[in-house]
Each structure stands twice: as structure tokens, then as C-alpha cells.
Amino acid sequence: MSDRRGLLLVNTGNGKGKSTAAFGTAFRAIGQGLRVSVLQFIKGKWKTGELEAAARIGLEMAAMGKGFTWESKNLEEDKALMREAWIVASEKILSGQYDLIILDELNYVLGYGYIPVDEVVRCLQARPPHVHVVLTGRNAPEEIISIADCVTEMREIKHPYRNGIPAQKGIDF
């Protein structure tokens, strides 16, 4: 088991923790000296703890969207931003300059049909052999799951939102 190669990891499901797990992977990779880049496709308007932490530790991280699409006042603009984000992401993936690239919330974008799944699959399959990629978001498409090395489904058992407790600073954002 000495075959070292870039893995495709997918964090999906309805439960909490998909992005959090990806950021844990980024933290681990940075600790091992790997070059890491994080692109967030939807979480664009919140001032999140992960963006603040990334700046403090020198993690390359970009929030590419304008926020949650279901709150959008201009869906066509959001779609265009996501397509632009995909162009940036695919260039980073194919460049070979990074050891780990996290595409946070990309599964949502694929599920909404804003970026063709087959285009993403082709890019992921063409990536340099050392490049690890993590995709997060609910409802990962079957085409992505089928090419992934590791798929983790987060399952909600209990969630504070269900009891009227809002998102908590430092825990949820």
C-alpha cells in the first residue's frame, strides 16, 4: 500500500459538517507542508470564521459566490459567478501547483445544473496525479460519486435549527 496518489474526496448528505470536515483536511494538509487552495462556490456574503482563520494562517481561500442562491435577487448573475468560479477552480486543479484543492459547496452548483457535471468529471479525471480534491455539498451527483475515492455522507440525527436555535458564531460560521 505504498501507492501514493491524489484522491477525490466527497463530503455530502443532509447533516452538518461537510465543509467543516473539508477544512479539517486543509488544516492537516497545511501541517504536512502541502499547498492548499479553497474555493467557496456559494458562501460568498457571510463573514465566516474559516475566512478569518485562512487569512491568519496564510491559507489561500476565496469566496467566489454572492451568498445562498435561494436568497438571490439576480439568479443569472449568481450562475455567471459560479461559472467563473469553476473556470478558476479547473485552472487550479489542472495546473498541478496545488496538492489539495477544496471546492466547497460545488455539489449544490452541480445539482442546480449551473455547471455541467460531465465537464467537472472530465477535469477531475485529467488532474495531475498528485492533486487531491475535496468536494462538499448536499446531493453529490452519481457521476461524481462513481469516480470518487472516498465518499462520506453526513446524516442529520438532530440539529439545533429544528428547535429554533439560529446559527452560532464560531460553530456554524
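1. Helices (H or I, at least four residues) and strands (E, at least two) are DSSP runs, numbered from the N terminus.

2. This is a predicted model, in which local features need pLDDT of at least 70 and side-chain atom pairs count only at pLDDT 80 or more, while totals for chains, interfaces and linings use all residues. Residues are numbered from 1 along each chain as its sequence is written, and side-chain values use heavy atoms, with hydrogens and water left out.

3. Helix 5 spans residues 117–126, and its buried residues are Val 117, Val 120, Val 121, Cys 123 and Leu 124. Viewed down the helix axis, these buried residues fall within an arc of 165 degrees, so they line one face of helix 5; the arc is that of the directions from the helix axis to the C-beta atoms.

4. The cover over the buried residues of helix 5 includes strand 1 (8–12), helix 3 (75–95), helix 4 (106–111), strand 5 (132–136) and helix 6, where contact means heavy atoms within 4.5 Å.

5. Ile 144 lies in helix 6 (residues 142–147) and counts as buried because its relative accessibility is 0%. Leaving aside residues up to four places away in sequence, Ile 144 touches several residues, among them Val 117, Val 120, Val 121 and Leu 124.

Conventions:
Buried < 20%, exposed > 50% of the residue type's maximum accessible area, 1.4 Å probe, protein only.
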